[in-house]
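Open the model in your viewer and keep the selection tool at hand. The stops below are given in the order in which to select them.

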Amino acid sequence: HTEAMRRLLALALLALPAAAAEGETARPLYKPDCVLAAVAGRKGVALDAARPAPMVLYGSKIPLARFLEAAKDQLGGFVPDRVMNMYTVRTNEIFLNDAASTYGRHGRIIDDSLAHEYAHFLQVAYEGRSLGDGSDDFLESEAVSLQTWFREQGAAALPPSCRIDWTEGPP
């Protein structure tokens, strides 16, 4: 009886996703311009080439000081010990924590975090919203909804040309 329980437990553990090793980074599955286009389409926003898309920066590739300098106006005195997922209005950049341990739980991927930050970019650059104007709860709720939509439906609708081919190295 105990042996049967041990086998069932072993099978159950095999079905769980492996935990990411410390220091392992999450790789995006989709090209950033495709993620932005999907989120803009979902919001009904026509992208304008005169409004440059934010540069996407990954936490494992930059010093923390770089993030802190760009984000200082939005952090309100808070000093994180790692790069956080954030669209920085002043520098028009998106910072992503790319620690693999951040993703995988609840079926998350780094691309849906990018979709969330692109939602904030669209709110600011196309709708004239301010991330500190008192409507933060609404803006955050909308960004979370778009993030969830992208993860559950939007990514699957992207054409194959939007996928990043990691077999040939980073894009």
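Start by selecting Thr167, which sits in the segment after H5; helices (H or I, at least four residues) and strands (E, at least two) are DSSP runs, numbered from the N terminus. Thr167 is exposed, at a relative accessible area of 71%. Buried means under 20% relative accessible area, exposed over 50%, and partly exposed in between (1.4 Å probe, protein chains only). Show side chains here: that of Thr167 makes a polar contact of 2.4 Å with the side chain of Asp165. A polar contact is a pair of N or O atoms within 3.5 Å; within protein, one must be able to donate a hydrogen and the other to accept it, and residues adjacent in sequence count only if both atoms are side-chain atoms.

This is a predicted model, in which local features need pLDDT of at least 70 and side-chain atom pairs count only at pLDDT 80 or more, while totals for chains, interfaces and linings use all residues. Residues are numbered from 1 along each chain as its sequence is written, and side-chain values use heavy atoms, with hydrogens and water left out.

Zoom out to the whole chain. The protein has 5 helices and 3 strands, in the order α-α-β-α-β-β-α-α along the sequence. Of its 171 residues, 37% count as buried. Contacts (heavy atoms within 4.5 Å) with a separation of 6 or more are made up, to 62%, of residues 24 or more positions apart.

Now color by pLDDT, the predictor's confidence in each residue, from 0 to 100. The mean for the protein is 85, with 82% of residues at 70 or more. Confidence is lowest in helix H1 (residues 2-15), with a mean of 40, and highest in H2, with 98. Over residues 1-21 pLDDT stays under 50, and the model has 2 contacts beyond four places in sequence for this stretch.

Select H2 next. Buried residues of H2 are Cys34, Val35, Leu36, Ala38, Val39, Ala40 and Lys43. The cover over them includes H4 and H5. Just after the helix, Gly44 has a positive phi of about 75 degrees.

A disulfide (a pair of cysteine sulfur atoms within 2.5 Å) joins Cys34 to Cys162, with S to S at 2.1 Å. Cys34 lies in helix H2 (residues 32-43) and Cys162 in the segment after helix H5 (136-154), so the pair ties together parts 128 residues apart in sequence. The link is left-handed, at -80 degrees about the S-S bond, and both cysteines are buried. The structure holds 1 disulfide.

Move to Asn92, in the loop between strand S2 (86-88) and S3. Asn92 is not a glycine, yet has a positive phi of about 50 degrees.

The last stop is Thr102, in the loop between strand S3 (93-96) and helix H4 (110-125). Is Thr102 buried or exposed? Thr102 counts as buried, at 18% relative accessibility. Its side chain joins that of Asn97 in a polar contact of 3.4 Å. Leaving out residues up to four places away in sequence, Thr102 touches Asn97 and Arg108.
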